[in-house]
Amino acid sequence: MAVHLRFVSLTVTTAEAEATYRFEKPATVITGPIGTGKSSLLMLLKHVIGGTAMLTPAVRNNVLSVQAEIVAGSERIVLKRAIEGDTAGRVDLLDPRSLSLERSLPVRATPGETTLSDYLLNALGFPREQLAARRDGASRPQNLTFNDLYAYVYLQAREIDRQVVGHLDTWFEPKRKELFRLMFALTDSALMELKRTYSMLTDELKAKSAEHSNVSVFLAASDPRSDDELRAELTQLRDILQRAESALATLRSELGEQSAADAALREELKNAIQTARQAEEEVVAARDLVDARQAVVAQVQLDLSRLDRSATAIDQLSPFEFVVCPRCMQSLTSRPVEEGHCVVCLQPDPVEADIDPAAIEETRSALCQQLTDAQHIQQSDAAHLQAAQQQAQQANFVVTSLRRQLDAQSRDIVAPRFDAIADASSRVAMLKASIDAVTQLRESWARVRAIDVTIREIKTKRKRINKDIKDKSQQLAARQTLVTELSTEFGDLLRSWNLPWVTTAVIDSDSYLPIVNGQPLESQQASGGGIATSINVAYSLTLLTFGLDHADVLVPSLLVIDSPRKAFGNNDSDRQRAAQIYGRFRTLVDAYGERLQLIIADNDPPPVSSESFGKVEFNYENPMVPGVDHPGPAHVGRIEDEPDS
């Protein structure tokens, strides 16, 4: 059965006033002159359910919010949304009885929150699915939203004679087809999941193939050797490395043995150096002692000399009485001198004992004995110094000999081994570097092989998924008869309007679009907008009635049509076509009643009458936006002329 969806009312609020427009009849026709707000009212219906609507300046500048009461499935829902500002990104869900706020739902996907689209789709019982879409050459799964489904509900004035359910919008075309398949059960969740998986595998295969190509090109450019050649070379290099490491170990072992002998010689040299150092210290100490002895001998000799000079002076000068100073030859006779003092130096005269010759001789003997003893000690210390110097020379000779022996041994035995070890170590390092380089190249080849395995696995899995898609599609193929039935009903409806230009009219089984006289809708536009409009309206009406007649078809029970007579002229044939379209509206309303809802915006009153048709009338004195004066017919514009928002 059709997905039950209908609008009950729409309340438009401005700063000055508020107006409620009700849609209680199965069909409601909104009429009025151009620019009074018919299309804007339909756009506000789209806006309040979370859609991106084209709003005129009069709406954007004056309307604060809109509130709609709708029926989705069996649930009665009241929604309220601001026109502009930060709050316009969310829609308030109100309690239908008290109109108190129950919750606020985001219009766009928000982590951790249920969107308005999710809420409405759940209420309708319409499946929430993701489309295996592709963007910029990569898989970008996209949610099929309530507003995508609404494209099957709303025929906008600017599109009614141009395209069918947005089929010319390349970004929407995949969604349009997938929604049709969902409505007619030509696909299901399992099949869509398979398609998403297939799309992701395709991307993964593309990425791995590119990676395989890049690595292969790199290998070809960096080294021409194949993996087999590298493997053989790696084996050879490892064998050479093993022999080189063995030779290096032998050299190090020999050097170790020689190092043991060197260690003993070095220890002996160390001890000899220590002995030589001690001998030098002994020489320094002996030389200092000899110098000290020499100073003592010189001092005793100086004392003897001073004693001899004093005795001689006493002997020679004591008989004389000095009348003049022996130094400056000045007279001393006139100078007062105390008794018992020398007339020259004025010091007390020495006592007799101090100038006793025997005492002087005794002192001389003592000094001579001291001099003799000091000289003997000096000679002994000089002999010790000479012995220490000889011992130091011998120790230095031993050190020099040991050093020469060690140098010769290092030069003739150790140094060559060190050179050989350095050469062997360098060769080992070079071999290891070569092995690392070859190993790295082999790792790149291993990466190529791993990528090959991954590519084969992806291809196998993708092949299996593709088979599952075909099998699942085959299981659903029986549903394709519904498209055939739909096509028949579409042709019957279009021909029932007695349109002279209709020869054949079908719905394509692949694109699900109307094909009239073998041509798509866009090819009919050259024959006039009325022809394209008739085809588009017939297509939507056929979908609507087909959903009402088939319990397993999920076409929404609501159809909103803006300006179905926009492209028609005023001649008799044009008026007849318009009357036939409205006649079809009346037939559907009479046949299905409350099971469907038609909301139609048109400039003129409908050419048919029915009690099932409700009316919403606008004029320049009473436009759609409440509380705002209309500037008059000289300042009107159509909403389809507004730029996309």
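**Cysteines and charged pairs**

At 34% relative accessibility, cysteine 368 is partly exposed. The term has cut-offs: buried is under 20% relative accessible area, exposed is over 50%, and partly exposed lies in between (1.4 Å probe, protein chains only). This is a predicted model, where local features need pLDDT of at least 70, side-chain atom pairs count only at pLDDT 80 or more, and totals for chains, interfaces and linings use all residues. Residues are numbered from 1 along each chain as its sequence is written, and side-chain values use heavy atoms, with hydrogens and water left out.

Cysteine 342 is also partly exposed, at 25%. How many disulfides does a search of the whole structure find? The count is 0. A disulfide is a covalent bond between the sulfur atoms of two cysteines. The rule here asks for a pair of cysteine sulfur atoms within 2.5 Å. The sulfur of cysteine 342 has its closest cysteine sulfur in cysteine 345, 3.8 Å away, so the two are too far apart for a bond.

Now the charges. Side chains of opposite charge can pair when their charged atoms come close. A salt bridge is counted when a side-chain nitrogen of Lys or Arg lies within 4 Å of a carboxyl oxygen of Asp or Glu. The structure has 17 salt bridges by this rule.

One of them joins glutamate 594 to arginine 6, at 3.6 Å from N to O. This pair links distant parts of the chain, 588 residues apart. Glutamate 594 sits in the loop between α12 (572-592) and β16 (597-602), and arginine 6 in strand β1 (residues 5-14). Helices (H or I, at least four residues) and strands (E, at least two) are DSSP runs, numbered from the N terminus. Glutamate 594 is partly exposed at 47%. Arginine 6 is buried at 7%.

Helix α5 (residues 173-183) holds another pair, glutamate 173 and arginine 176. Their closest N and O atoms are 2.8 Å apart. Why are they about one helical turn apart? Because they are 3 residues apart in the helix. Glutamate 173 is buried at 17%, and arginine 176 is buried at 0%.

Glutamate 178 forms a salt bridge with lysine 195, with the closest N and O atoms 4.0 Å apart. That pair links helix α5 to helix α6 (residues 189-222), across 17 residues. Glutamate 178 is buried at 5%, whereas lysine 195 is partly exposed at 25%. Arg181 joins in too: Glu178, Arg181 and Lys195 are linked in a network of salt bridges.
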